[in-house]
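Please keep the sequence and the structure at hand while reading.

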Amino acid sequence: MTETYVPPAYVPPRVWIWTKESGGRFAAINRPVAGATHDKDLARGKHPLQLYSLATPNGVKVTVMLEELLALGHAGAEYDAWLIRINDGDQFGSGFVAVNPNSKIPALVDHSGAEPVPVFESGAILMYLAEKFGAFLPTDGAERARVLSWLFWQMGSAPYLGGGFGHFYAYAPTKIEYAIDRFAMEIKRQLDVLDRRLADARFLGGDEYTIADIATWPWYGSLAKGLAYDAGEFLDVASYTNVVRWADEIGARPAVKRGRMVNRVMGDPASQLHERHDASDFDTKTQDKLQPSGDAA
């Protein structure tokens with residue numbers, strides 16, 4: 001009878017020192033220090049709002065918000081969206097780090113005033129834009145508090161989904177049962193939180209669509225539709241019927257469809273608008289039109 005090999009248990013050192021890449025899909029861009037790795041200025045377009053991003057869930061939040069503002073008629077929400085390829089380390093360029101010292105997308109610079117206003121962290125950007133344009137954030141104290149509570153619920157919860165469940169289920173170099181079970185349990189709990197809320201309300205804040213929904217949909221709407229980490233069956237996402245209903249309603253909004261395309265570099269070339277500098281770009285500059293061969297590079 002052949003004995004099963006059991007690797008020795010990992011014993012953490014007294015002081016952790018970075019001596020090698022951790023492995024997994026994003027190992028090449030992970031490091032334990034901050035700051036720029038190279039000099040590179042940020043591009044600037046013709047509009048006051050300059051967005052530097054990638055169509056990850058956090059990036060999609062902001063492009064959806066901007067497209068929703070434009071759909072309401074806020075001409076001042078016109079924007080230039082510049083592609084930041086995080087796998088290539090663009091977020092460690094000196095210009096980007098000057099806007100966001102945390103080197104994470106998205107980052108926004110508002111040039112509409114006397115001095116440029118840099119804003120980083122997706123939740124902060126959503127609040128900044130909502131207050132700037134007076135949209136998607138109630139002014140009433142109780143309603144505002146409810147929307148902000150759900151907005152910050154998302155900001156606190158999503159790292160368990162992306163950096164926790166998603167990493168260990170889809171990206172880690174080895175499958176670790178304990179880690180996958182730990183984060184699957186938490187993500188199913190979060191889906192239950194959302195499902196119970198959406199059983200009682202059309203949207204997270206109540207009857208009206210707000211920045212709480214705009215922030216949450218790219219993460220949990222994608223998950224509920226089985227599009228995240230190829231984990232729909234594993235997490236039985238279809239059983240969260242209220243979340244699926246909410247995800248479908250938001251996903252059908254024209255501004256959401258447009259926002260999801262901006263800075264996108266994966267999937268159907270017709271869904272990829274690498275940079276957005278004018279509303280007409282959706283009709284003329286998607287990757288299927290620029291690269292008929294389907295090359296998404």
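## Basis of the description

Helices (H or I, at least four residues) and strands (E, at least two) are taken as DSSP runs and numbered from the N terminus. The model is a predicted one, in which local features need pLDDT of at least 70 and side-chain atom pairs count only at pLDDT 80 or more, while totals for chains, interfaces and linings use all residues. Residues are numbered from 1 along each chain as its sequence is written, and side-chain values use heavy atoms, with hydrogens and water left out.

## Buried positions in strands and loops

Gln91 is placed in the loop that runs between β2 (79-83) and α2 (94-99). With a relative accessibility of 4%, Gln91 counts as buried, where buried means under 20% relative accessible area, exposed means over 50% and partly exposed lies in between (1.4 Å probe, protein chains only). When neighbours within four places in sequence are left aside, Gln91 is in contact (heavy atoms within 4.5 Å) with Ile29, Ile84, Arg85, Ile86, Phe96, Val97 and Ser103.

Strand β2 itself contains Asp80, a residue that is buried with a relative accessible area of 1%. Not counting residues up to four places away in sequence, Asp80 touches Gly45, Lys46, His47, Leu49, Gln50, Leu51, Arg276 and His277. Ser53 belongs to strand β1 (residues 49-53) and counts as buried at 0% relative accessibility. With residues up to four places away in sequence again not counted, Ser53 touches Gly59, Trp82, Leu83, Ile84, Ile105, Pro106 and Asn263.

## Backbone details

Two of the residues touched by Ser53, namely Ile105 and Pro106, are joined by a cis peptide bond, with omega near 0°. Pro106 is located in the loop between α2 and β3 (107-110).

Asn263, also touched by Ser53, has phi near 65°, which is a positive value in a residue other than glycine. Asn263 sits in the loop between α9 and α10 (281-284) and, at 0% relative accessibility, counts as buried. Glu121 likewise has a positive phi, of about 80°, although it is not a glycine. The loop that holds Glu121 lies between β4 (117-120) and α3 (122-133), and at 35% relative accessibility Glu121 counts as partly exposed.

## Packing of α6 with α8

Two packed helices are described by the angle between their axes and the distance between the axes. Axes are lines fitted to C-alpha atoms, for helices over the stretch in contact, and angles run from 0 to 180 degrees between N-to-C directions. Helix α6 (residues 211-224) packs on helix α8 (residues 241-251) at an angle of about 115°, and their axes are 9 Å apart. On the α6 side, Asp213, Thr216, Trp217, Tyr220, Gly221 and Ala224 meet Val243, Val244, Trp246, Ala247, Ile250 and Gly251 of α8. The residues of this contact divide into eight nonpolar, three polar and one charged, where Ala, Val, Leu, Ile, Met, Phe, Trp, Tyr, Cys and Pro count as nonpolar, Asp, Glu, Lys and Arg as charged, and the others, Gly among them, as polar.

Phe203, in the loop between α5 (177-200) and α6, is buried with a relative accessible area of 3%. Not counting residues up to four places away in sequence, Phe203 touches Arg197, Leu198, Glu208, Tyr209, Asp213, Trp246, Glu249 and Ile250. The C-alpha atoms of Phe203 and Ala247 are separated by 10.0 Å, with the two residues 44 residues apart along the chain.

## Packing of α1 with α9

Helix α1 (residues 57-71) and helix α9 (residues 254-261) pack at an angle of about 140°, with 8 Å between their axes. This angle makes α1 oblique to α9, given that angles under 35 degrees count as roughly parallel, over 145 as roughly antiparallel, 65 to 115 as roughly perpendicular and the rest as oblique. In this contact, Val60, Thr63, Val64, Glu67, Glu68 and Ala71 of α1 meet Ala255, Val256, Arg258, Gly259 and Arg260 of α9. These residues divide into five nonpolar, two polar and four charged.

## Nonpolar cores

A nonpolar core is a set of buried Ala, Val, Leu, Ile, Met, Phe, Trp, Tyr and Cys residues joined through side-chain atoms within 4.5 Å. The largest such core has 66 residues, and those with the most contacts inside it are Met65, Leu129, Phe165, Ile211, Leu223 and Trp246. Helix α6 gives the most to this core, with nine residues. Apart from it lies another core, of eleven residues, including Tyr52, Trp82, Phe96 and Val109.
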